[in-house]
Structure formats: C-alpha cells, structure tokens
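Hi,

Here is the structure I promised to pass on.

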Amino acid sequence: MVENYAILPCNGLDKCAGVISGEIAVKLCESGKNTIICPVFSKIADAKYRKITDEHPLLVIDGCATRCASKIAAEKNYRIFRKITVTEEAKRHHIELKDNLRLLEDDNSLVEIIVDGFSDAGGMAAGVSEESGFSFEFEYETFQKDKFIFRVPRNTSVYFNENDCWAYVIGNRARIGVTDFVQQNLSDILYFIPPEIGAIISQFDAAGEIESSKALVDIISPVSGMVVSINEMLVQKPELINENPYESGWIAELELTDFESDKELLIGFDKYFELMKKKVEG
Amino acid sequence: MSETTFMGVERDKIDWKPAIDYGKCNFCMECVKFCPHKVFEVNENDEIRLIVRNPNNCVVFCRACSKTCGPDAITFPDKNATTQKIKEMRKEGNNG
C-alpha cells in the first residue's frame, strides 16, 4: 500500500475525472498514512504544505490531460515522485467517463482499480501507469582540468560514495549512476550491462558495469535496495552516460531498504566536489 | 589516484585487496594490464611472477580485475564485513 505520501489530486469539481481524482485521494488516505494536499488551499497557503512536500514523496493525481495538479506542483516547485492521469487510466481499463459529477458504478470501479493498483508489493502500483517523479533539473558546480569538464550536481537529495557513484533519493526510492569523474576517465562508453530488475543489492555491491575501450568499471551502488527499473535507453545508447551521467545517463532505480544506515557512508555535494577535485589533480 | 583515506578511515587500515590463488593463476597478466592503479607487479625472474605489490592502491569495493581473470584466480574480502569494519573504525575515530 502507498503510505506516507503527500497526495495532490486535481479534484476538479466540474468534470467526472476531477471528482474521481479526489475520490482516489480520499480512499488512499483512508487506507494508508497519506496526506492530501488541497490544490485550492495550496494556492493561498503555501507554508501549510511546504513541510509535507519536503518530507514526503509526492503523488500527483491529474484528472485529465490539462494536468492542473502537475502544473500546480511545478509552480510550487514540489518534487513529484509519481503521477497518474485518470482519463488515461480510464482508457486503459476500457471505462468510458461521462459528464456526471456524482460517481456511477463504472466510475467507482475505476477508483477501485486504481486504488488496488497501489496496494501491490512496495506500492509499485501494477496496472497504474507510472511516470517517474525524478526530475533532473540540477544546478551543477563545475571543475575544469585541461579540456575536461567535471560537473557535480548541487542538490541536497543527491548523495555520493567515494567510488564516484551517486544516488538521487526521493522518499523510499533512489536513482543511481556514475559521476563525471567516471565517464571522463572511461572516455567513450561502448557497453552497458545493467543490473537485473528485482535484484536485491546491498550498499557497495556492483549494480551493473560500464565499459569503454579504456576500461571496464563496476557501478558500485551507494545504496541498498531492490532494483525496480533500469535506464533501458542505455542498452542501445550507452554514450548517454558520457553526455550526462546524472540525467539521461542514470543507471537504475532502486526501492530503498536501509537508507538511514547507508547514509552513514555517503557524502554530500561539498565533500564529493573536493574529493573529485583531488582525484582529478591526481 | 591512490587516496590516503577512504570514507574518513586510513586506507591501510581497510582490508581490501585482491588475493591471488596461485593454484589457479596461469600468469596471463590480464589483471596487470587491466588495473590502472598498479596494484599488481610482475617479476619475470621470480618463481612467482605476479604479486600484489600495492594493496593500498586498490580501490575499496572495486573487484573489476577479478572479472578479467579467466581462471578465476582472484578473490576479494567479504564486502559486507569490510563495510561493517569501516563503520566501526569511523565510530572509534569519532569517539577518540
């Protein structure tokens, strides 16, 4: 079951999909320790929800393709962890939404299907279209040595190990990858061996390998957890790691199992940036 | 590239280095060619031509050389035990 989420539904009262989005939010709150963010109140009471959105992963439930809830989240600079769109889910489940503003049998069935989808192990929401909430709009600090530029994202949710791998943590999920130090040292990356989906990885285990004409390196995971997805683009285009190892070149997404303990052996931007500079200077 | 500390612990206190099983090693020297950190050394005139010369150059948690070893002659310490030991040493360091 989805728990400890902040839930921002569209809640549009003039469309069936909006009413359904509100109903889904209510049901998720009834069945788990989730908190609703009222989209209307959030417009005038930013402080009330800021703490909640900072501390909990955010689930956005858009009613229709206008995606008002997503736009509110963007406007407020909330980090979206997951989102669904009711009209898309209705299509997927062959349920036709009409103009009614009180929920009918089919509408309630859709609510049940979506809420049940969130009940799967680990809140994976099978049957619910999943759009990752990891938005990569990092600000980078850069360091240049000769013609080589080394970037490090300045973001308090990004952690590093001293093996030059990063983990971008939101809620109980993390994306992992390598830093510019690795990709610059390898030069043109030619091959990517991903970790297996479903694999249980403990901190500092190898989570796949990358290889260039110069070397092969293990991707040493900064965090423990289960691999829930990999960046499939890299199988076809491993050079994305060279282009930007923090954004298009991410490696895998893990559901975290012991992040509080993992954190003990991780460092943040300031320390990693200094460490990387030392390594670059040799 | 060799660092004197790793995660705040002196590198030479961390037991992380390759061990060569000479019963399996065929002295192909692929590991030597592979490792950029000069962990291994070749002594052509010695009976044992390959040794781990610079264990502290070995990148903690890296096992990549073992993947280049055809006869599977290279092993590493238990990673979880090493992690635990590092945590303990960090605590001791902080308390001291």
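Before going on, some housekeeping. This is a predicted model, in which local features need pLDDT of at least 70 and side-chain atom pairs count only at pLDDT 80 or more, while totals for chains, interfaces and linings use all residues. Residues are numbered from 1 along each chain as its sequence is written, and chains are lettered from A and ligands numbered from 1 in the order in which they are written.

**The two chains**

Chain A has eleven helices and 16 strands; helices (H or I, at least four residues) and strands (E, at least two) are DSSP runs, numbered from the N terminus. Of its 282 residues, 44% are buried. Buried here stands for 20 or more other C-beta atoms within 10 Å of a residue's own, exposed for 12 or fewer, and partly exposed for anything in between, with C-beta atoms placed from the backbone. Among the chain A contacts between residues at least 6 apart in sequence, 64% join residues at least 24 apart. A contact is a pair of residues whose C-beta atoms, placed from the backbone, lie within 7 Å.

Chain B has three helices and six strands, in the order β-β-β-α-β-β-α-β-α from the N terminus. Buried residues make up 22% of its 96 residues. For contacts in chain B with a separation of 6 or more, 61% are between residues 24 or more positions apart.

Where the chains meet, 15 residues of chain A are in contact with 15 residues of chain B. On the chain A side, strand β14 (residues 216–220) gives the largest share, four residues. By class, that side has six nonpolar, four polar and five charged residues. (Ala, Val, Leu, Ile, Met, Phe, Trp, Tyr, Cys and Pro count as nonpolar, Asp, Glu, Lys and Arg as charged, and the others, Gly among them, as polar.)

**The core**

The largest nonpolar core has 91 residues, and Ile7(A), Ile61(A), Trp166(A) and Ile176(A) touch the most other members. Helix α1 (residues 16–31) of chain A supplies the largest share of this core, seven residues. The core also takes at least three residues from each of domain 1 (6–132) and domain 2 (140–281) of chain A. For the terms: a nonpolar core is a set of buried Ala, Val, Leu, Ile, Met, Phe, Trp, Tyr and Cys residues joined through C-beta atoms within 7 Å, and the domain bounds come from an automatic or database domain assignment.

Beyond its neighbours within four places in sequence, Trp166(A) has contacts that include Val158(A), Phe160(A), Ile176(A), Pro222(A) and Tyr246(A).

Helix α6 (residues 105–117) buries Asp107(A), Leu110(A), Val111(A), Ile114(A), Val115(A) and Gly117(A). These cover an arc of only 155 degrees around the axis, so they sit on the same side of α6(A); the arc is that of the directions from the helix axis to the C-beta atoms. Exposed Glu105(A) and Asn108(A) are on the face turned away from that buried side.

In α11(A), the buried residues are Tyr272(A), Phe273(A) and Met276(A). Their arc is only 100 degrees, which puts them on the same side of the helix. On the other side, Asp270(A), Lys278(A) and Glu281(A) are exposed. The cover over the buried residues of α11(A) includes β6 (140–145) and α7 (180–186). After α11(A) comes Gly282(A), with a positive phi near 70 degrees.

Most residues other than glycine have a negative phi, and most peptide bonds are trans. Asn11(A), not a glycine, has a positive phi of about 60 degrees. Asn11(A) lies in the loop between β1 and α1 of chain A and is buried, with 23 other C-beta atoms within 10 Å. Asp164(A) has a positive phi too, near 65 degrees, and is found in the loop between β8 and β9 (165–170) of chain A.

Cheers

Notes. Contact = placed C-beta atoms within 7 Å.
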